[in-house]
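Biologist: Could you walk me through the terms used for this model, and tell me where each one comes from?

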Amino acid sequence: KRNVDVILPKHRDVVTMTSYLKKTASECQNNLTIGGVLNKGNWNTLNEVMLCRTIMFNRRRSGEVARMKVVDFQHKRKADVTDNCDHLSPIEQHLAKIFEYSEIIGKNGKTLPVLYDQQMASCMGELVKYRKEAGVIESDNYLFPRSNYDSEEYIRGSDAMRKHSENSGVSNHASLRATKLRKQLASSAQILSLNDNDLDLLIKFMGHSESVHRHFYRLPDNVQRVTKLTKLLRMENGTINAEGGRNINDISIQANDLVEVPSSQNIQFPKRYLCRLLYNRERHGRVGRRL
């Protein structure tokens, strides 16, 4: 278990999956009715695709989105920035005009926002409009319902994500799951070094506590060790004093302090660290020792 790497979604896979969902949604919406008659197959596909889009776009837990009610969507609205326009940048004012949001009940009873872009709002409106024709019974109040067997349940977000990630043609479809997508967002935010206010906003949006965010939704430990802590090994060559008062992210390693190791990934290590690894392997029969 200690040596199992946490594989987060690759950005190119997220882009590919998003493009696939948008294209599929557009095709299903354009062919939702043929001659005034609903195409139930396209309605079911659009239902699944919109569930996946909402999970991915908002980085929400799959169960939170799957259990959304129709009334939650119908209460969507745009942010009122009339009184705060002077404090927002032009791009922020534009985003407030084109995105809508509603609020749902998340884990532990927390109120969480769900954002919709223009395509999502339009497609979900079509889903709600043709619910009866698709076979959804009247007592089913879920936004993403099952349309057969007189079911009053919702479709599972994990099943929809698994199905459409496999169909999207990404390199690693197993990584495109709600939990891993949430971790990817938190990891990306860590790279950006958000200030306390922005970090607090992100934590509230994701719906968990600060302690959970810091312990479970950050960069994997192996990434932290390789990219940050190895910089501290420079103290061996006597240059640590030159870095006094600097943040670890601002410390740079000169090219002459690195040695290239032939590999498919062209990984680089500090010379002294590599020599120590080789020495321990020859003398102790192992790659390294506890430092």
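Modeller: Let's begin with the hairpin: β3 and β4 form it with 5 residues between them, and N108 in the turn has a positive phi of about 60 degrees. This is a predicted model, where local features need pLDDT of at least 70 and side-chain atom pairs count only at pLDDT 80 or more, while totals for chains, interfaces and linings use all residues. Residues are numbered from 1 along each chain as its sequence is written, and side-chain values use heavy atoms, leaving out hydrogens and water.

Biologist: Why are β3 and β4 called paired strands?

Modeller: Strands are DSSP runs of E with at least two residues, and helices are runs of H or I with at least four, both numbered from the N terminus. Two strands pair if DSSP finds at least two bridges between them. Strand β3 (residues 100-105) and strand β4 (residues 111-116) have 6 bridges in the antiparallel sense, so they meet that definition. Y101 stands opposite L115 in β4.

Biologist: Which residues of β3 are on its covered face, and which on its uncovered one?

Modeller: E100, S102 and I104 are on the covered face, with Y101, E103 and I105 on the uncovered one. In a regular strand the side chains alternate between the two faces of the sheet.

Biologist: Why is N58 called buried?

Modeller: Buried means under 20% relative accessible area, exposed means over 50%, and partly exposed is in between (1.4 Å probe, protein chains only). N58 has a relative accessible area of 0%, so it counts as buried. N58 is found in helix α2 (residues 40-58).

Biologist: How do you know that the span of α1 agrees with its number of residues?

Modeller: The expected span is 1.5 Å times one less than the number of residues. For the 20 residues of helix α1 (residues 11-30) that should be 28 Å, and the end C-alpha atoms are 29 Å apart, so the two agree. In α1, D13, V14, M17, T18, Y20, L21, T24, A25 and C28 are buried. They cover an arc of only 160 degrees around the axis, which puts them on the same side of α1; the arc is that of the directions from the helix axis to the C-beta atoms. The face turned away from that buried side carries the exposed residues H11, R12, V15, K23 and N30.

Biologist: Why does N172 count as partly exposed?

Modeller: N172 has 26% relative accessibility, so it counts as partly exposed. N172 is found in the loop between α8 (157-167) and α9 (178-192). Contact means heavy atoms within 4.5 Å, and N172 is in contact with I7 and D13, leaving aside neighbours within four places in sequence.
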